[in-house]
Structure formats: structure tokens, C-alpha cells
Amino acid sequence: MTAHKPSITVFGEVLFDCFPNGKQVLGGAPFNVAWHLQALGDNPTFISRIGDDALGDTILKSAQAWGLRTDNIQHDQAHPTGRVDITVQDDEPHYDITPGSAYDFISAQSVQLAERSGLLYHGSLALRSPYAQQQFKTLRESGDWSVFLDVNLRAPWWEETSLFDWIQAARWVKLNVDELRELGFQEPVLEVAMRNFQTQFELEQVIVTRGSEGASVLTPEGFFSQTPGEIPEFVDTVGAGDAFTAVFIHGLIESWPIQDTLIAAQAFASQVIGLRGATPDNRAFYKTILEMHA
């Protein structure tokens, strides 16, 4: 464990995942990551924006009850709180993402931070508009950040030129194997594809998740892989990637060995697959992860 852990700032969407049975579950990759990091004791700063509506009120109350700081969850009078309608086909979630949501209008000028350094996490979905891209660029350039980019390709909400700019500005990039291929890295051997990706964008680490086949990480020290154990219960895969990301970030700031971090991240993602949605409301859910390096 480091003597002084870097601070973590999380930027991006918070929304409700709405399931066919009528259930609404808090979500949005950045919010999910911040939620897990709070439970892991990392006290992240979460920057987002909600509408002046019932869903927004629920988000605030839930975040406050969990201990997540809400001073940088901005309020928007003109745009609704984000929502995603989820359908599940062949055990895979499909997403219908509402455009023009409050999180598309996060204001860099309204962000209040005691320090502008440490690890800055963001995804690609919250940067789907030119306005959002400019606001994030302003925030990123206002501090001395190490950027963790979580690639999240959701058609039609991305385009290659701007995405490649965000990748170029990152230190760590996480994406799934289908996204790696979709971005043009088609080499049959995964390690070769990841190395070419790492070289092109001058990245310190490339993290690739492969669903039931596990995850791989390419670092300056080498190539690491981990296959998950048996999944105790399968409900859906919504939020599993975000669970993996949160534990991976936790391992980064705690200076865990990469293989240990992969094992913990993979194990926690497998736990989340047993939930409906992405955010557990019981802190006992995190007990196993917290005990791994106690």
C-alpha cells in the first residue's frame, strides 16, 4: 500500500437502467465505478449532472446514503435525468440510450475540486456531443491528471476521430475484445493486437476484458491474463465490466501486483453477474475483495 494514495475523480453519466419487467436500477458506467470505489474506501469525487425530476432526486438520495459525495452532481433545469432501456437477448444486454440527457451537459465551470491531480476516470459515452467533449477537455487541461479511459462503444454515440484523441490522452485504457477489434486491431493473437494498440497510442497499460474467457493486461513489465472461476449465480452481465474496472483502479492506487489485481477484479465482476443491475446496496457484498489485501 502506498503512503499517500492518489485521489480519484470520476467524470460522466449517472442514469437509470430500466428493465423490461419495470425494475429501475441505478447505473451509468462512471457512477457504477464511483459507487464501487466508495465501498472499497477510496472516497472518489464524482462529477455528473441530473435533471430536476424524480429520478434525479432518487440518485441524490441513494448516493448520499451510500456515502458518495454529491457536491459535484450538478442540477439541470432543462434536461431530464439519463435513462437506458435494457433488453436482454441470449444473455447479453442491449441498450437504448436516451439522447439529450442532463449528463450530456456537465459544466466544467461548475466543478468544485480541492485538488486537480491524481487519477481521472472517464468513459466515452458522456463525450458523445461536441459540448460535452469541450467541457471535459477544459476539465482535463485544468489539472495534472493521470487519465484512465474506459472505452464504451454504444452505436451511434461515438466516432473514431474524437475517440482516438481521448485514447491518445490517456495513461490506461480499458476496453473489451470486441471493441479492440472494432477499432481496427484485428491481429489473431490478442497480445499482438494489444501491443499494436499500446504502441500506436503510447499507453502505459492496455486492459482487455474477454467475457467468460477472462481478461488480459499489457504493461511495460509484460503480458498478464486471468480466467474467471465458476460463476456462482448468473442473473445478467449489466455492470460486470464496471465492477472489474473499479477493482482494477483500486488495485492501481494501492500498488497491488498486476496479477493480484486481475484476480480480484475478475472475481468481483463474477459476483456482480449475480445481481440484477450493477450496484449492490449491501456493503457486505464487498467483504471478499476488501479482505484480499487487508
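**Contacts, cores and rings**

Modeller: The model is predicted.

Biologist: What makes Phe148 stand out inside the largest nonpolar core?

Modeller: That core has 48 residues, and Leu119 and Phe148 are those with the most contacts inside it. Its largest share, eight residues, comes from helix H7, residues 240-253. Apart from this core lies another, of 35 residues, including Ile106, Ala108, Phe136 and Val151. In soluble globular proteins, nonpolar side chains tend to be buried together.

Biologist: How many aromatic pairs does a search of the whole structure find?

Modeller: The search finds 18.

Biologist: Why is the pair of Phe105 and Tyr131 called tilted?

Modeller: The ring centres of Phe105 and Tyr131 are 5.9 Å apart, and the limit for a pair is 6.5 Å. The angle between their planes is 40°. Stacked requires under 30 degrees and edge-to-face over 60, so the pair is classed as tilted. The pair links distant parts of the chain, 26 residues apart: Phe105 is in the loop between strand E7 (92-97) and strand E8 (117-123), and Tyr131 is in helix H3 (residues 130-141).

Biologist: How do you know whether Phe105 and Tyr131 are buried, exposed or partly exposed?

Modeller: Buried means under 20% relative accessible area and exposed means over 50%. Phe105 has 26% relative accessibility, so Phe105 counts as partly exposed. Tyr131, at 37%, therefore also counts as partly exposed.

Biologist: What makes the pair of Phe244 and Phe248 stacked?

Modeller: Their planes are 20° apart, with 6.1 Å centre to centre. Phe244 and Phe248 both lie in helix H7, four residues apart, about one turn of the helix. Phe244 is buried, and so is Phe248.

Biologist: Which residues do ring pairs link into a cluster?

Modeller: The cluster consists of Phe31, Trp35, Phe46, Trp66, Phe268, Phe285 and Tyr286.

Biologist: Which residues are the closest to the centre of the second largest pocket, and how is its lining divided by class?

Modeller: About 210 Å³ of space lies in the second largest pocket. Of the 15 residues that line this pocket, Ser7, Ile8, Asn43, Arg69 and Glu115 are the closest to its centre. By class, the lining has five nonpolar, six polar and four charged residues.

How values were computed:
Residues numbered from 1 in each chain as written. Predicted model: local features only at pLDDT ≥ 70, side-chain atom pairs only at ≥ 80, totals over all residues. Heavy atoms only, no water. 1 Å grid on protein atoms, 1.4 Å probe; cavity = no way out; pocket = protein on both sides within 12 Å on 5 of 7 lines; lining within 4 Å. Points joined across faces, edges and corners; volume = space filled by probe spheres on them. Nonpolar A, V, L, I, M, F, W, Y, C, P; charged D, E, K, R; others polar. Core = buried A, V, L, I, M, F, W, Y, C linked by side-chain atoms within 4.5 Å. Buried < 20%, exposed > 50% of the residue type's maximum accessible area, 1.4 Å probe, protein only. Helix = DSSP H or I, 4+ residues; strand = E, 2+ residues; numbered from the N terminus. Phe/Tyr/Trp six-rings, centres within 6.5 Å; stacked < 30°, edge-to-face > 60°.
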